[in-house]
Amino acid sequence: MSEPATDPANPPMESPPMSSHDISSGDVIAIDVAPLASRIATPQPPRVIAIANQKGGVGKTTTAINLGTALAAVGEEVLIIDLDPQGNASTGLGIDRRNRRYSTYDVLIGEAMLRDAIVQTAVPRLSIAPSTLDLSGLELEVSQARDRAFRMRTALGPLNAGRPGTTDFTYVLVDCPPSLNLLTVNAMAAANAILVPLQCEFFALEGLSQLLKTVEQVKSTLNPQLTIHGIVLTMHDARNNLSNQVVADVRQNSGEKVYDTIIPRNVRVSEAPSYGKPVLVYDLKCVGSEAYLRLATEIIQREKELLAGSAHPDGEPGPDQQSGAA
Ligand SMILES: Nc1ncnc2c1ncn2[C@@H]1O[C@H](COP(=O)(O)OP(=O)(O)OP(=O)(O)O)[C@@H](O)[C@H]1O
Ligand SMILES: [Mg+2]
């Protein structure tokens, strides 16, 4: 596993001591690292990353849950926003339907504030705004509203307002549905960047150009600051020639945008959601957990590069640093 670059202000973290844990018992996992929030003097807008691919079953939700857990494990304050009516991220994090008092539907329809929908998970520093099936009706209900594409951006506005007793999130990960519908457009209009999971299978690249076209459209009309954060290859099987061929093809096509980290196909990753746990909690030592921890390190490194790249030469913060979520 590669180590994060050493920054004198932010010394490297020890690897997080996480133990296997029964979420249903209500006890909290001990991850003994200094929270990043404590190192930030004034509240900053969180970095908002939409996890999107209109292809179904490519690992969007698995990445939202486990990248979120890995970022929290290294000290970030993370909010996952479940923007899929299937609610898999909510279920996979053990959020009982009875505890979804307000959902992302209530937030986007304008009947609740985002902070009212946020539920703390059993993982320290990881929260979620859960979804319910109601969300599938949102598109029709707001189709005539002028601000229909900006509902998520508006909802994110008051985050990190510095109110006592509220969390200052450093990362918001939006789990998108398998469609380029209004929900995904809302996520893209609110995001700083898009993270695209691609499954290592024959049709991996199918649909990627359509996704990138949508990102360009959103960028030119709704959200000029939007960038592609990166492409993460998922469910890789090293024994399968096809899987290896897909990695080579995607790297050739998309070059630097592809993260070095590849998420292997790992049965522990697929078992974990049925226990309502991230794989890092279910089995910290498995190859899937290790890969998601590496991905978190790479994302943080890429974030630093993106922010450095958007800084003006005179040292003023660039547009990315000023605009944030809203
Ligand atoms: N690395 C992995 N190893 C093994 N199984 C995996 C891995 N990643 C994801 N899966 C499994 O693949 C299936 C699809 O994953 P996931 O639900 O994350 O995809 P998705 O893109 O969110 O799907 P949808 O488009 O329906 O929202 C799930 O059963 C999940 O457990
Ligand atoms: Mg999903």
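Which residues is serine 131 in contact with, leaving aside its neighbours within four places in sequence? View 1 has the answer.

This is a predicted model, where local features need pLDDT of at least 70 and side-chain atom pairs count only at pLDDT 80 or more, while totals for chains, interfaces and linings use all residues. Residues are numbered from 1 along each chain as its sequence is written, and chains are lettered from A and ligands numbered from 1 in the order in which they are written.

**View 1. Serine 131 sits in the loop between β4 and α5 (138-142).** Here are its contacts (C-beta atoms, placed from the backbone, within 7 Å of each other). Apart from neighbours within four places in sequence, serine 131 touches Asp82, Leu83, Asp84, Pro85, Gly87, Ser90, Ser103, Thr104 and Tyr105. Serine 131 has 30 other C-beta atoms within 10 Å, so it counts as buried (20 or more such atoms, placed from the backbone; 12 or fewer means exposed, and in between is partly exposed). Look for isoleucine 81 too: serine 131 and isoleucine 81 are 50 residues apart in sequence, yet 8.1 Å apart in space from C-alpha to C-alpha.

**View 2. Eight strands make up an open sheet with mixed pairing.** Follow the order β3-β4-β2-β5-β1-β6-β7-β8 across it. The edges are β3 (119-120) and β8 (258-264), each of which pairs on one side only. Pairing takes at least two DSSP bridges between two strands. Zooming out, the protein has 13 helices and eight strands (DSSP runs numbered from the N terminus: H or I with at least four residues for helices, E with at least two for strands). Of its 326 residues, 46% are buried. Among contacts with a separation of 6 or more, 76% link residues 24 or more positions apart.

**View 3. Strand β2 (residues 78-82) pairs with β4 and with β5.** Strand β4 (residues 126-129) runs parallel to β2, and four bridges join the two. Here leucine 79 faces serine 127. Five bridges link β2 to β5 (residues 171-175), again in parallel. Along that pairing, valine 78 has tyrosine 171 as its bridge partner, and aspartate 82 stands opposite aspartate 175. Now check where the side chains go: Val78, Ile80 and Asp82 point one way, while Leu79 and Ile81 point the other way. Five of the five residues of β2 are buried, so the strand is largely enclosed by the rest of the structure.

**View 4. Helix α7 (residues 182-190) is largely enclosed by the rest of the structure.** Why do we say that about α7? Because eight of its nine residues are buried. Those are Leu183, Thr184, Val185, Asn186, Ala187, Met188, Ala189 and Ala190. The view also takes in part of the largest nonpolar core, which has 84 residues (a core is a set of buried Ala, Val, Leu, Ile, Met, Phe, Trp, Tyr and Cys residues joined through C-beta atoms within 7 Å). The core members that touch the most others are Val174, Ala187, Met188 and Ala191. Alanine 191, setting aside neighbours within four places in sequence, is in contact with Val48, Ile49, Ala50, Val174 and Leu226.

**View 5. Ligand 1 is surrounded by 20 residues.** A residue joins this shell if its C-beta atom, placed from the backbone, lies within 6 Å of the ligand. Closest in are Lys60, Thr61, Thr62, Pro178 and Ser270. The elements giving two or more residues to the shell are α1 (60-73), β7 (227-236) and α10 (267-271). Helix α1 provides the largest share, with three residues. By type, the shell splits into six nonpolar, 11 polar and three charged residues (Ala, Val, Leu, Ile, Met, Phe, Trp, Tyr, Cys and Pro are nonpolar; Asp, Glu, Lys and Arg are charged; the others, Gly among them, are polar).

**View 6. Arginine 125 and methionine 235 have positive phi values.** Arginine 125 has a phi of about 70 degrees, although it isn't a glycine. You'll find arginine 125 in the loop between β3 and β4. With 26 other C-beta atoms within 10 Å, arginine 125 is buried. Methionine 235, also not a glycine, has a phi near 55 degrees. Methionine 235 belongs to strand β7, and its 23 C-beta neighbours inside 10 Å make it buried.

Definitions and conventions
Contact = placed C-beta atoms within 7 Å.
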